[in-house]
Amino acid sequence: MSRKVFTADEVLTAEDVNSLLMDQTVMSFAGTAARGSAIPTPVTGMTTYLEDIKDLRIFDGSAYSSPYGLTHINTTTINATSVSINDVFSSAYDDYRILLNLTLANNDNLLTMRLRVGGVDASGSNYDQQGIEVLAGTIANAQGVGTGTSFSLVNQIAGSTVGAVYNMDLFRPFLAQPTFQSGIGFGYRGGGQGHVTRGGRHTLATSYTGFTLISSAGLIQGTVSVYGYRKA
Amino acid sequence: MAEKVYIQIDNEISEAKGKDLEAILALQSEIQQKLAQEESEKEAKASARQSALAKLAAIGLTEAEIQAL
């Protein structure tokens with residue numbers, strides 16, 4: 001059914017109420033500020049569409065939350081040696097999925113990651129990690145395991161036709177607790193195809209709101225996307 | 001002349017300078033050292049393994065017997 005616009009003095013029929021008001025009512029707002037002004041006291045079940053993030057939010061009685069199990073938070077196109085993504089972790093979610101889709105590197109490199117808050121990276125030697133790599137059919141330790149000042153993620157070789165991917169689950173970065181990560185990836189190292197499986201724990205009980213990706217050599221290009229897992 | 005290093009914060013890209021550049025270079029140096037050490041240890045281990053295999057063969061073990069160890 002197409003969207004109907006009522007005219008002055010037009011009869012509101014039961015069919016219009018049932019089909020338009022009861023079945024097709026989602027309130028659309030430019031953003032959370034506009035929504036807050038329009039609905040100062042929401043009631044449970046109110047469904048809204050936010051035009052700025054192009055997504056639905058439903059009021060659950062205490063806050064607006066996403067109806068999805070996995071909600072898109074941010075996608076950034078990256079083109080640098082060090083890429084910081086701010087303000088993606090919040091109280092809205094405890095656990096996150098991060099997708100790295102790398103399309104180009106101008107040097108062979110190992111991509112690493114640091115947690116971040118207030119515009120500052122956590123650079124202490126607090127990143128415990130282990131991992132395995134299958135490189136050209138041989139299983140061995142992944143590169144950069146053991147305690148370090150960043151999480152090691154995936155290798156990439158120079159060139160625009162190869163790339164690398166890594167998907168990571170990041171647990172509790174915003175809570176004032178140690179942050180865990182586990183992930184898998186595929187890239188190239190030397191002349192070989194490399195698959196990595198990694199896990200790690202940042203030992204400080206600090207709340208972080210973002211992260212920084214740092215190439216061990218040269219710039220990288222691609223995208224990084226962050227999603228939040230629904231709590232309950 | 002050293003290659004310029006670029007830093008990106010959200011969607012803003014700029015040349016890394018000062019403390020930002022120092023932090024990136026320090027981490028890159030740390031990683032390169034760690035990877036070089038790992039490679040060195042890996043080569044030493046492979047060399048020791050080859051030596052051990054040669055000694056086992058020298059005392060009469062067959063290749064199948066060595067594989068069965």
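User: How many residue pairs are in polar contact across the interface of chain A and chain B?

Analyst: A polar contact is a pair of N or O atoms within 3.5 Å; within protein, one must be able to donate a hydrogen and the other to accept it, and residues adjacent in sequence count only if both atoms are side-chain atoms. Here the rule finds 13 residue pairs, both residues at pLDDT 80 or more. This is a predicted model: local features need pLDDT of at least 70, side-chain atom pairs 80 or more, while totals for chains, interfaces and linings use all residues. Side-chain values use heavy atoms, without hydrogens and water.

User: Which strands of chain A supply at least two residues each to the side that touches chain B?

Analyst: Strands are DSSP runs of at least two residues, numbered from the N terminus. Four qualify: E5 (70-80), E6 (82-85), E8 (109-117) and E16 (210-215). E5(A) gives the most, with five residues.

User: How many salt bridges are there between chain A and chain B?

Analyst: The test is a side-chain nitrogen of Lys or Arg within 4 Å of a carboxyl oxygen of Asp or Glu. The count is zero.

User: How is the size of an interface often given?

Analyst: As the accessible area lost when the parts come together. Buried area uses a 1.4 Å probe and is summed over both parts. Chains A and B bury about 1900 Å² between them, 46% of it on carbon and sulfur atoms. Thr81(A), Ser82(A) and Ser216(A) supply 22% of the area that chain A buries against chain B, more than any other three residues.

User: What is the bridge partner of Ser82(A) in E1(B)?

Analyst: Ile7(B). Strands pair if DSSP finds at least two bridges between them. E6(A) and E1(B), residues 6-9, pair in the parallel sense over three bridges.

Note on methods: Residues are numbered from 1 along each chain as its sequence is written. Chains are lettered from A and ligands numbered from 1 in the order in which they are written. Buried area is the accessible area (1.4 Å probe) that two parts lose on being put together, summed over both.
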